[in-house]
Amino acid sequence: MTLAHLQIEAERYAAAGTTLRGLLESYPQSSRAADADLLRAYVLGKQYEETPNDDKKQVYRAALGEHRTRFAESPTAAEASWRLSRLEEFDRNWQDAIALLESIPAGSERSGEAQARLAMVYEQAL
């Protein structure tokens, strides 16, 4: 994944996405597959930020959703839930954002942030 990290640092997101996709196709059972897949979703998010449009948003949203399903038992699923909740919140999909924030496990790195954000999203929903 070092090449992908270098490509990301250079803001060459399309190249990083290609590199990560190739790694995931070549080594789908790797112990680092969850990390690589989350990084691939991150790259898609960066591409969306660079040129926001509905197609890129849907690709990013789908990548996060697929990650949550495929790697549900990985700690990376909580991070994918967090990122997806922020996207849903931005789109004012309050109930989806709430459900995603509530799905973040208490022991995860995003737990505290998720609880704080949950209160804000409930307020926005009202």
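I took helices (H or I, at least four residues) and strands (E, at least two) as DSSP runs, numbered from the N terminus. On that basis I placed Glu 11 in the loop between H1 and H2.

Notes on the source. The model is predicted, so I kept to its limits: local features need pLDDT of at least 70, side-chain atom pairs count only at pLDDT 80 or more, and totals for chains, interfaces and linings use all residues. Residues are numbered from 1 along each chain as its sequence is written, and side-chain values use heavy atoms, with hydrogens and water left out.

I read phi of Glu 11 as near 60 degrees, a positive value in a residue other than glycine. For accessibility I used these classes: buried is under 20% relative accessible area, exposed is over 50%, and partly exposed is in between (1.4 Å probe, protein chains only). Glu 11 counts as exposed because its relative accessibility is 54%. I then went to Arg 92, in the loop between H5 and helix H6 (94-102). Phi of Arg 92 is near 65 degrees, again positive in a residue other than glycine. Arg 92 is at 58% relative accessibility and therefore counts as exposed.

I took axes as lines fitted to C-alpha atoms, for helices over the stretch in contact, with angles from 0 to 180 degrees between N-to-C directions. Helix H3 (residues 33-50) packs against helix H4 (residues 54-70) at about 165 degrees, the axes 8 Å apart. H3 is therefore roughly antiparallel to H4. The cut-offs are under 35 degrees for roughly parallel, over 145 for roughly antiparallel and 65 to 115 for roughly perpendicular, with the rest oblique. I noted the H3 and H4 crossing as left-handed. That term applies if the near helix is turned anticlockwise from the far one by less than a right angle; clockwise is right-handed.

The axes of H4 and helix H5 (residues 76-90) come within 8 Å and cross at roughly 150 degrees. H4 is therefore roughly antiparallel to H5. H4 passes H5 in a left-handed crossing.

Contact here means heavy atoms within 4.5 Å. Among the H3 residues that meet H5 are Leu 38, Tyr 42 and Tyr 48, and the H5 side includes Ala 80, Leu 87 and Phe 90.

Not counting residues up to four places away in sequence, Lys 57 touches Tyr 48, Leu 87 and Asp 91.

I counted a nonpolar core as a set of buried Ala, Val, Leu, Ile, Met, Phe, Trp, Tyr and Cys residues joined through side-chain atoms within 4.5 Å. The largest has 12 residues, including Ala 4, Ile 8, Leu 20, Val 43 and Phe 71. Helix H1 (2-9), helix H2 (13-26) and H3 each give two or more residues to this core. H3 gives the largest share, 5 residues. Apart from this core lies another, of 11 residues, among them Leu 38, Tyr 60, Leu 64 and Leu 100.
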